[in-house]
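Here is a short report for a first look at this protein. Read it alongside the sequence and the model.

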Amino acid sequence: MSAKRIVRGIIGGLRSWLTEELPQARPSTSNSEIPFDNSYTWLWGTMDRLMKDPLCCKRPAYIWGIMQGAALSKVLGLERISILEIGVAGGAGLVSMERTAELCSDIVGISIDVYGFDTGVGLPKPQDYRDNPFKWREGYYPCDKDELLRRLKRASLRFGLLSSTVPEFLTGSPAPMAFVAVDLGMYTSTRDALRLFDGQHKHVIPRMPCSFRCAVGKDFSEFSGEGLAITEFNESHAMRKISAIKGLAHYVPAHYRWWWTDQMYTLHVFDHPLYNEPDAYQLSAVIDINDNEVFQRS
């Protein structure tokens, strides 16, 4: 056999290996109706559907978080949930969140309340290095309240410092939180926002997806900003932990993989009365010798 044929054979084999995908890891992008369940198949199909919307697609992290939170809530028998954006700024994210909630509510069959939290006048003054003053200044990211209120259809806004608005929100007995998006950047603000996660079991679902937009990036670490607030929360709570969703980039449709997947975390409330309940209608129960997977009703 000539050297050229050997080289061609090796290159061909490598090409096949590099392009090969595991059948069970290939997201479905079919437009056909996918039966609802808290499953990757349903999440993939629904993300495809929502990413076609010009408002939803601006925040893929919100799409994934809202879908995941709503799906688990539906399986657990909840009829109404809350989703929050902490740090509204100009309002583009909240407008996107509101639209995603509207569509997801119709798809899942669950009521979704939308809330936005902001000072209304821009960032507060950084206190020390933990607030990343090299990046943020007092008054950055102001909110045009009138324009935002004109654009919103269903979201409720809470203006003021989080040290006041967070306790007031919990006192108002909202529906359980099923997704929280934190876009604050500063340690002190994030620390105050995470007091939301200190609420009673009725305030939160047992595994709540959340996003921390400023927990990733070239300038940030776990020793300041949102990363430090997460670390301190975990150190001070035995039965509640905020955990990064490991390897999420491998579990979303390939054409939507981007840095947003590294923003995604889950609040685990281990002593929640619903924590150990099945998280889907159909659970994987058998994988036979031929690698055939069989699901059964949970």
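## Burial and Cys143

Buried means under 20% relative accessible area, exposed means over 50%, and partly exposed lies in between, with a 1.4 Å probe and protein chains only. At 9% relative accessibility, Cys143 therefore counts as buried. Cys143 sits in the loop between strand 2 and helix 5 (145-151). Helices (H or I, at least four residues) and strands (E, at least two) are DSSP runs, numbered from the N terminus.

What does Cys143 touch, not counting residues up to four places away in sequence? The list is Ala89, Asp118, Gly120, Leu148 and Phe159. Contact means heavy atoms within 4.5 Å. Cys143 and Asp118 are 25 residues apart in sequence, and their C-alpha atoms are 8.0 Å apart in space.

## Model and overall make-up

This is a predicted model: local features need pLDDT of at least 70, side-chain atom pairs count only at pLDDT 80 or more, and totals for chains, interfaces and linings use all residues. Residues are numbered from 1 along each chain as its sequence is written, and side-chain values use heavy atoms, with hydrogens and water left out.

The protein chain has eight helices and nine strands. Of its 298 residues, 47% count as buried. Take the contacts in the protein chain with a separation of 6 or more: residues 24 or more positions apart account for 72% of them.

Axes are lines fitted to C-alpha atoms, for helices over the stretch in contact, and angles run from 0 to 180 degrees between N-to-C directions. The axes of helix 2 (residues 40-51) and helix 3 (residues 60-75) come within 10 Å and cross at roughly 135 degrees. Helix 2 and helix 3 are therefore oblique to each other. Angles under 35 degrees count as roughly parallel, over 145 as roughly antiparallel, 65 to 115 as roughly perpendicular, and the rest as oblique. Helix 2 passes helix 3 in a right-handed crossing. A crossing is right-handed if the near helix is turned clockwise from the far one by less than a right angle, and left-handed if anticlockwise.

Helix 3 and helix 4 pack at an angle of about 35 degrees, with their axes 10 Å apart. Helix 3 passes helix 4 in a right-handed crossing.

## Aromatic rings

The structure holds 14 aromatic pairs. Rings of Phe, Tyr and Trp (its six-membered ring) pair if their centres lie within 6.5 Å; planes under 30 degrees apart count as stacked, over 60 as edge-to-face and the rest as tilted. Tyr115 and Phe169 form an edge-to-face pair, 4.8 Å centre to centre with 75 degrees between the planes. This pair links distant parts of the chain: Tyr115 lies in strand 2 (residues 111-118), Phe169 lies in helix 6 (residues 162-171), and they are 54 residues apart. Both Tyr115 and Phe169 are buried. Elsewhere, ring pairs link Trp136, Tyr140, Tyr141 and Phe220 into a cluster.

Charges also sit over rings. The rule is NZ of Lys or CZ of Arg within 6 Å of the ring centre and within 35 degrees of the ring normal. Lys145 lies over the face of Phe159, at 4.6 Å from the ring centre. Arg207 lies over the face of Tyr275, at 4.7 Å from the ring centre.
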